[in-house]
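This report walks through selected features of the structure shown below. Keep the viewer open while reading.

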Amino acid sequence: MPTKPESPDLSQEDAGPGDDVPPGPVIETDGLEVHYRLQGGALARVLGLRTRTVKALDGVTVQLHRGEVLGVVGESGSGKTTLGRALLGLAPSTQGSITYRGRDGERLVSHMKGAELRRLRTDVQMVFQDPSAALNPSMTIEQAVGHPLVVHKIARGAELRRRVHEALERVGLAPVERFASKYPSDLSGGQKQRAVIARAIILDPEVLVADEPISMLDMSVRAKILQLMLDLKRDLGLSYVYITHDLASAKYFCDRIAIMYLGRVVEIGPTEEIFANPRHPYTKALLKAIPDPDPERMLPRDLPRGEIPDAAEPPLGCSFHPRCPEAVAACGWESRDLRVVLDQHWTERGADFDTERRLVGDLDHLDAPSKRATLGKGDPAAVLALMEGVRAENPDEPLWNGVRSMESDGSKVVVEFEEGVDPALRRAGGVDVACVLYPDGAGSDTAASD
Amino acid sequence: MTSLTKDQTPARPGGPVLEVRDLRVWYGTDRGPVRAVDGVTFDLRPGEILGLVGESGCGKSTLGRGLLGLLPEGAARDGELRFRGKDMLTLRRREQYRMRGSELGMIFQEPLTRLNPMMRISDHFAETLRAHERRISKADVEQRSLEALRVMGIPPTRFRAYPHEFSGGMRQRIMIALALVLRPAFVVADEPTTALDVLVEAQIIRILHNLRATYDTSMLLITHNLGIVAEACDRVAVMYAGKVVEIGPAREVFSNPQHSYTRELLRSTISLSTTGLNFIDGAPPDLTDPPSGCHFHPRCPDAMQICATTEPPVRDLPGGVRAACWAAEVAHGRTLDEDARRPLPREAISVADEA
Amino acid sequence: MRAPRFVSTIWNTKGMARWILLVGVLITAVFLLFALCAPWIAPYDFNQTKVDGVKFPKLASPSGDHWLGTNDQFYDIYSRVVWGARTAVLVVLLSIVLSAIVGVLLGLVSGYVGGWFDRITLFLMDALYSFPSLLLAIVFSFMLRERIGGGIVAAALSLTAIYIPQYYRVVRNTTVAAREATYVEAAKAIGAKPATIMRKYLFGNVVQSVPVIGTLNAADALGTLAALGFLGLGIAPNEASDWGYDLSRALDDVSAGNFAPALWPGLAIILLVTGLTLVGEGLNETLNPALRRRRLQKVTLPPRDTTDPEVVR
């Protein structure tokens with residue numbers, strides 16, 4: 001049975017296959033930002049008011065070394081797909097840079113336009129999540145796979161045919177005659193994904209961005225497609241960016257892994273180190289959440305609450321703090337977190353919901369992020385007692401670490417939160433991690449990275 | 001097919017909620033009848049969660065819907081299907097309709113398409129409750145809905161919100177709460193977490209796992225994720241080409257699979273402990289014309305001559321497992337003659353013959 | 001588009017849709033035959049009033065020489081009806097093809113490019129669409145009459161403008177939806193230019209509803225053409241035979257008790273409009289996935305094999 005291939009020796013920092021290739025990572029992003037303008041509701045749009053900005057990527061710095069598989073892992077909304085699209089210039093960057101070092105020397109993807117960007121696609125290619133949607137339903141497999149060569153005027157006629165057949169054979173769609181004239185709707189999911197991969201490799205690219213290439217496939221096919229990608233990497237000298245939400249396949253497939261949350265990389269490092277010694281609480285949570293058929297594993301007890309927040313209004317401080325079981329005072333606590341804790345209190349013990357709700361009053365004003373929250377109307381002493389009750393019922397709730405003061409101002413209860421910091425990626429052990437629990441210099445047993 | 005008549009028990013306290021005996025569900029296409037469910041037998045005890053796993057197209061969704069009578073036009077069922085001792089196959093359409101929701105529930109994969117965007121969550125609950133209990137009071141509606149939502153972890157402050165104000169995971173929780181608010185005795189959950197993120201999936205799986213503490217609901221959890229079964233289910237049924245090939249306690253089946261298909265399925269799953277990639281060659285068969293003998297024999301790495309000709313018997317094995325596999329037969333002491341035991345030469349399977 | 005699949009879908013249609021389609025195709029085929037073979041089917045030319053120097057009688061009753069009689073302009077009614085089919089088919093075909101080409105192109109570009117081009121085109125098309133179509137046709141016909149006369153091309157052009165917005169709107173909306181499809185993103189990812197994406201990836205997937213709109217519009221165009229002819233704004237009587245024109249000339253004869261000159265062109269209009277409508281509706285039911293109901297066959301379960309029950313405990 002095939003086993004995992006040796007990871008490339010990264011100590012010889014990207015010597016590269018030949019001397020015609022410039023040294024350094026094959027693709028590198030530096031402080032990459034992709035921001036989208038969102039229009040508000042129908043009325044706001046008519047009046048031209050209040051456009052919100054969604055920070056799909058918010059300062060991402062990653063390197064893809066030659067011959068390496070870089071895993072980009074996160075939930076939906078983490079920005080992992082946007083990162084993949086940005087690497088091909090499909091999502092325009094608003095800040096920062098993407099550098100591609102290929103056969104034609106060093107080029108800045110983030111500044112490319114039109115024809116230059118289209119030419120880049122002969123070097124950087126993409127495999128999509130849903131193979132059924134990624135193929136034009138009205139093109140045969142032969143037409144679809146050969147189209148990149150036609151578009152770039154590389155081959156035609158018999159040569160085109162020969163190269164298409166070669167690519168189809170390479171991805172295992174053999175005997176080729178059985179598949180070439182078929183339409184995508186005639187093929188199974190795994191076969192379609194093979195065709196998508198054939199289309200991606202036919203231009204002989206250097207980098208393949210694979211966006212969840214196996215997640216839509218049937219489970220008996222996933223391993224086969226992953227094996228195909230490993231074979232292609234070995235035979236064609238490819239480098240992969242492997243985007244996924246599935247840590248198990250990333251563990252097997254990747255040399256290094258970047259964990260993303262809400263548009264940022266929160267932890268990045270060698271796969272073994274990430275799995276042996278996860279540092280960021282989000283990484284730990286993801287690891288705990290993987291359902292495993294191993295009957296010896298037990299269901300985790302401390303899963304983070306809630307879901308990934310709205311990227312148009314990210315939490316203050318660290319984006320993960322509202323869900324983080326390890327959060328401390330400096331994580332950026334704010335009014336919205338107070339609402340979550342109150343909601344949780346009522347969800348878990350709802351006996352007095354009606355009376356308590358009346359006491360606390362409307363909570364909608366808490367939805368505007370603020371370091372100072374006011375609660376209640378009328379009876380501040382009772383509200384204060386209620387809040388103390390909530391605190392006593394779950395003193396381990398991390399929110400209370402961030403509450404600087406909670407007192408009555410005569411008519412209302414005022415809750416003030418500690419100042420928060422927005423942690424940057426810092427070296428910790430063998431990885432880089434963005435978490436206040438790993439301040440500068442902590443565990444800097446290895447020299448700081450470049 | 002074998003008629004697996006175990007002792008036919010009438011409704012009795014502590015007895016199974018659901019008794020399925022040799023159930024067949026076929027539906028028609030231009031290419032002929034599809035044998036989506038072809039002789040399935042199992043019991044479901046009160047409060048038990050049974051996981052149903054298999055590749056796509058093995059008939060697991062059809063089985064789930066067939067148990068509730070939610071079948072496409074032209075489909076046919078036979079065999080035996082008893083819910084609390086009541087024969088469900090001879091029930092009149094109106095009677096069936098009345099039982100759905102109140103005694104039989106269904107949880108779907110896509111929560112957004114099942115909630116009316118113009119109706120508040122509170123209205124959804126009121127409608128569901130009133131459809132089965134016409135005279136229920138407003139206070140009762142609220143009290144029971146909030147209780148169901150609380151179990152699913154939805155705060156009471158969000159009771160009057162609209163579906164679009166919730167995230168995907170919250171909507172799925174609401175769907176589950178809606179399916180459970182009438183306290184049905186049996187629920188089919190068809191891939192309830194497939195569209196969700198890992199963390200949210202884990203949250204919901206934990207809630208499902210804990211349901212029996214609150215409700216006495218039995219559940220058939222259809223999924224392609226073996227990990228979910230291991231974590232949420234008491235027992236697991238492995239389905240292949242319209243048949244349940246192995247059924248037993250989840251822990252037992254996963255640690256000691258008896259059927260070759262179960263073993264291969266587990267081996268091909270990529271998990272944290274994966275050190276090499278394994279896969280099952282070939283694709284599941286066309287259910288209009290399944291292979292002879294054991295349906296899995298063309299893909300089975302240890303198929304014998306007998307596998308291609310004779311359907312393996314269903315055998316009760318130690319550990320509460322039941323499996324239908326000739327290799328398991330031999331392993332448990334059955335002697336087959338030389339000819340029958342000879343390895344089956346495998347027809348060449350092309351690399352791309354896959355699902 | 002894939003012709004074999006397209007044809008087989010229609011062939012496999014069952015029930016009502018099949019009958020609608022069949023009857024419609026039959027009626028339309030008869031008129032197409034008239035149009036194609038008019039010189040051989042019609043005994044006389046459309047503007048012939050005498051044979052061998054002998055003038056036709058005026059308003060004659062049906063006879064061996066004039067199967068359906070003659071009208072007040074000494075024309076043979078049967079010949080006029082047959083030649084009228086050629087006129088109708090030519091005008092309708094020309095206008096539908098022209099409006100489809102313009103509408104599809106505009107819709108494709110507008111939907112894919114978006115931005116201000118899309119907004120302006122959308123606005124213009126909506127304005128055009130909101131006008132009553134007959135009124136619009138009258139205006140165009142007036143304008144074209146002065147420039148290129150009252151022939152078949154002029155009539156077709158004045159109808160073309162009315163139908164462009166229908167193709168435009170359908171194609172633009174499907175393009176806007178298809179633009180977000182992964183296969184379009186994939187096309188961008190292989191480095192295809194916008195023109196290539198529109199031609200190779202979008203066109204084939206957004207024109208699928210065009211045949212249906214085309215046949216439905218054909219029926220409508222025929223009605224509008226007849227109305228134009230009736231108002232005297234259609235085709236000049238010496239250029240081609242026009243059912244609408246003949247109908248309007250025959251009105252006085254009807255009040256005088258002679259129905260034949262009005263009956264036959266009128267019947268031709270009604271029949272062809274019905275035929276085309278049936279084809280359109282039939283196609284719509286067959287090709288439109290929203291309306292199409294895949295018919296599932298009923299299954300009867302065969303009795304079980306009772307030979308092999310082997311249960312081992």
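## A three-stranded sheet in chain A

The model is predicted. In chain A, 3 strands make up an open sheet, ordered β12-β14-β13, with antiparallel pairing. Its edges are β12 (372–375) and β13 (403–408) of chain A, each of which pairs on one side only. From one strand to the next, the twist averages 15°.

Take the pairing of β12(A) with β14 (residues 413–417) of chain A. These two strands are antiparallel and share 4 bridges. Within β14(A), A:Val415 stands opposite A:Ala373.

How many of the 6 residues of strand β10 (residues 256–261) of chain A are buried? The count is 6 of 6, so β10(A) is largely enclosed by the rest of the structure. In a regular strand, side chains alternate between the two faces of the sheet. In β10(A), A:Arg256, A:Ala258 and A:Met260 point one way. A:Ile257, A:Ile259 and A:Tyr261 point the other way. Residues in both sets are buried, A:Arg256 among them.

β10(A) pairs with β4 (residues 69–73) of chain A through 4 bridges, and the two run parallel. Here A:Val72 has A:Ala258 as its bridge partner. β10(A) also pairs with β11 (residues 264–270) of chain A, this time antiparallel and through 6 bridges. In that pairing, A:Ile259 is partnered by A:Glu267 of β11(A).

## Backbone details in chain A

The hairpin of β10(A) and β11(A) has 2 residues between its strands. A:Leu262 lies in this loop between β10 and β11 of chain A. Its phi is near 50°, a positive value in a residue that is not glycine. Is A:Leu262 buried or exposed? With a relative accessible area of 6%, A:Leu262 is buried, the cut-off being under 20%.

A:Asp204 is another non-glycine residue with a positive phi, of about 55°. A:Asp204 sits in the loop between α8 (189–201) and β8 (207–211) of chain A. Its relative accessibility is 39%, so A:Asp204 counts as partly exposed. Where is the cis peptide bond found? The bond from A:Ala174 to A:Pro175 is cis, with omega near 0°. A:Pro175 belongs to the loop between α6 (157–170) and α7 (176–180) of chain A.

## Chain B: confidence

Chain B has a mean pLDDT of 87. In chain B, 95% of the residues reach 70 or more. One stretch needs care. Over residues 1–11 of chain B, pLDDT stays under 50. The model still has 27 contacts beyond four places in sequence for residues 1–11 of chain B. Where pLDDT is low, predicted coordinates should not be read in detail.

## Chain B: overall form

Chain B contains 13 helices and 12 strands. Its radius of gyration is 21 Å, close to the 20 Å given by the globule rule for 355 residues, so chain B is as compact as a globular protein of that length. The C-alpha trace of chain B spans about 75 × 45 × 45 Å along its principal axes.

Of the 355 residues in chain B, 59% are buried. Take the contacts in chain B between residues at least 6 apart in sequence: 65% of them join residues at least 24 apart. The accessible surface of chain B is about 14300 Å², and 48% of that belongs to carbon and sulfur atoms.

## Chain C: overall form

What does the secondary structure of chain C come to? Chain C has 12 helices and 3 strands. Buried residues account for 45% of its 313 residues.

In chain C, 73% of the contacts between residues at least 6 apart in sequence join residues at least 24 apart. The accessible surface of chain C comes to about 16000 Å². Carbon and sulfur atoms hold 66% of the accessible surface of chain C.

Key. Residues are numbered from 1 along each chain as its sequence is written. Chains are lettered from A and ligands numbered from 1 in the order in which they are written. This is a predicted model: local features need pLDDT of at least 70, side-chain atom pairs count only at pLDDT 80 or more; totals for chains, interfaces and linings use all residues. Side-chain values use heavy atoms; hydrogens and water are left out. pLDDT is the predictor's confidence in each residue, from 0 to 100. Contact means heavy atoms within 4.5 Å. Two strands pair if DSSP finds at least two bridges between them. Axes are lines fitted to C-alpha atoms, for helices over the stretch in contact, and angles run from 0 to 180 degrees between N-to-C directions. The radius of gyration is taken over C-alpha atoms; the globule rule is 2.2 Å times the number of residues to the power 0.38. Buried means under 20% relative accessible area, exposed over 50%, partly exposed in between (1.4 Å probe, protein chains only). Accessible areas come from the Shrake-Rupley method with a 1.4 Å probe; for residues, only the protein chains shown count as cover.
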